[in-house]
Amino acid sequence: MQSHSSAKVGRNAECPCGSGKKYKRCCLAADTAPDLSPWKQQRDASDRLTDEMMKFARREFSEAKERAWIDFNQTLVAPAIDRFEGEHQIFIPYFLFDWHPDRQRMRRDRPLKPGIVAQRFFARRGSQLAELEQLILRESVFEPVSFYEVVKSNPGYVMVLRDLLIGGECEVEEHSGSTHVRNGDILYGQIHRLPEVNTMGRMAPHRISPGKKANIVSLRMTLRRKIAKLKRDLTAEDLIHYREQIRCVYLDIRDAMHRPPRLCNTDGDPLVFHKLTFSIRSAQVAFDALAPLAWGQTKQDLNEDAEIDADGALHSANIEWRKKGNKMHPHWDNTIMGRLRISGHSMEVEVNSANRAKKITGEIEKRLGMMATLTSTRKQTPEEAIQESKKRRAAGETSDSQKTSVLDGEAQREFQAIMQEEAEAWIHARIPALGGSTPLEAVADPDGREIVEGLLLDWERGFEAPQPAGSCCPDLNVVRRLLHLPVPMEAR
């Protein structure tokens, strides 16, 4: 690779290498010399082959690409390819080298054949191809497409990848693709093992987060069970045989990455913020009737923050609607379902789902009857709340919560302690990605241990983005130690 760009250095300028000579008498010749490295030769040959095969496909298979896209997606109606930015990087190689309109289920006793485009292209043009181009074509057909974990990356030059399905590590020279990956990322692609260099023959444009490793480990377990009947280990040839099943997992991950997140509360209800306003006859009557909704708190607890009129009558009070336990987090002793604010002859209720709004309305009607009347209901989705917040910021408005100063030291320490306690309690939670096992149970198994490590890394990355002032982050290395998992060297 060039150490500096000749486009930025004048011929008569001092050479940036530090020699003290003029650039034209020092590094100009080296900088402008053609790149004859094995990687560059491979890339040029691969580009030539792809260009020629695409021209051939446009002539011979002018209407086949749309059908191939449907088959690639393993569906009767495929989404537009433009929906997935860069998806042609993984689809075009499939179309050129793998796709066959009438491909039947592969049998183990039958040799693998190229896709129909590659078959016809090689039959007509194979003898005209250079040796390296022929080798690349064979690699594109006979090397498996798999999931690779980034073990080490030297951005802009090389990556060390581990095959998550059959094991083994491989150093791959990859210039552009390696600039966007981090250790722990997962890639879906194909490695070309060529003379003097290993490169990525094809690679999906989407980096797969470590949190998705559960999908891949589950696939690996399924394939191993199938191969175990033959009393041998999973091999690269098996990955080719099961390539449709492997791509299905990639497609599920890809689609999930592009699917808008479904935000839910701990009951599993979709998040829709509701503000219900009631007209009440008496603040005291409403308080007495609704105070039992605050599970775990007494009237005396609630009265500590209540406001009393000069004549001794209750004027305002806050009630947290709580229930015992939590469906999503069994180690929680209670769930805050909503908040009720009583003030004079008005009461506001805030909940975060339509189901909770219906439940609290029923409770109020049952407990207060004619003493309370619903006067208004305001609903807002999380997306609408975000848009409203953006508009307020653009208009220079500041909400009460934004005006509030950062948590004082004592409150912040308390909040940090709560977050840390919840993070450590996670090791006892039943996790769907672990098949309902707890992390503490899962780490006893090598596959479960691998998934847990991926989940923790993904969780940790969620705190890397700039956080609001006063926010807290749990120490996940404490969780790793509780699970007897290795702690990153820099954290020791």
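Biologist: Across which strands does helix 12 lie?

Modeller: This is a predicted model, in which local features need pLDDT of at least 70, side-chain atom pairs count only at pLDDT 80 or more, and totals for chains, interfaces and linings use all residues. Residues are numbered from 1 along each chain as its sequence is written, and side-chain values use heavy atoms, with hydrogens and water left out. Helices (H or I, at least four residues) and strands (E, at least two) are DSSP runs numbered from the N terminus. Contact means heavy atoms within 4.5 Å. Axes are lines fitted to C-alpha atoms, for helices over the stretch in contact, and angles run from 0 to 180 degrees between N-to-C directions. Helix 12 (residues 354–368) lies across strand 6, strand 8, strand 9, strand 10 and strand 11, and runs at about 15° to strand 6. Helix 10 (residues 283–290) lies across strand 6, strand 8, strand 9 and strand 10, at about 15° to strand 8.

Biologist: In what order do the 6 strands of the open sheet stand?

Modeller: Two strands pair if DSSP finds at least two bridges between them. The order here is 7-8-9-10-6-11, with antiparallel pairing. Strand 7 (307–308) and strand 11 (372–380) each have a single partner strand, so one side of each lacks a neighbour in the sheet. Strand 6 (residues 273–280) and strand 11 run antiparallel and are joined by 8 bridges. T277 has S376 in strand 11 as its bridge partner.

Biologist: Which are the edge strands of the open sheet of 5 strands?

Modeller: That sheet has the order 3-2-1-4-5, again with antiparallel pairing. Its edge strands are strand 3 (169–173) and strand 5 (197–203), each pairing on one side only. Neighbouring strands are turned by 50° against each other on average, direction ignored. Strand 1 (residues 145–154) is joined to strand 2 (residues 158–163) by 6 bridges, and Y148 stands opposite D163 in strand 2. Helix 7 (residues 213–228) packs on the sheet, touching strand 1, strand 2 and strand 4, and its direction makes about 130° with that of strand 1.

Biologist: How do helix 2 and helix 5 cross?

Modeller: Two packed helices are described by the angle between their axes and the distance between the axes. The axes of helix 2 (residues 38–60) and helix 5 (residues 116–125) come within 10 Å and cross at roughly 105°. Angles under 35 degrees count as roughly parallel, over 145 as roughly antiparallel, 65 to 115 as roughly perpendicular and the rest as oblique; helix 2 and helix 5 are therefore roughly perpendicular. Among the residues that meet are L49 and M53 in helix 2, and V117 and F121 in helix 5.

Biologist: Which residues have the most contacts inside the largest nonpolar core?

Modeller: A nonpolar core is a set of buried Ala, Val, Leu, Ile, Met, Phe, Trp, Tyr and Cys residues joined through side-chain atoms within 4.5 Å. Buried means under 20% relative accessible area, exposed over 50%, partly exposed in between (1.4 Å probe, protein chains only). The largest core has 52 residues, and those with the most contacts inside it are M53, F95, L96, V117, F147 and Y188. Apart from it lies another core of 28 residues, including F287 and L340.

Biologist: Is E450 buried or exposed?

Modeller: E450, in helix 17 (residues 446–461), is buried because its relative accessible area is 10%. Its contacts beyond four places in sequence are R162, L164, K213, V217 and R220.
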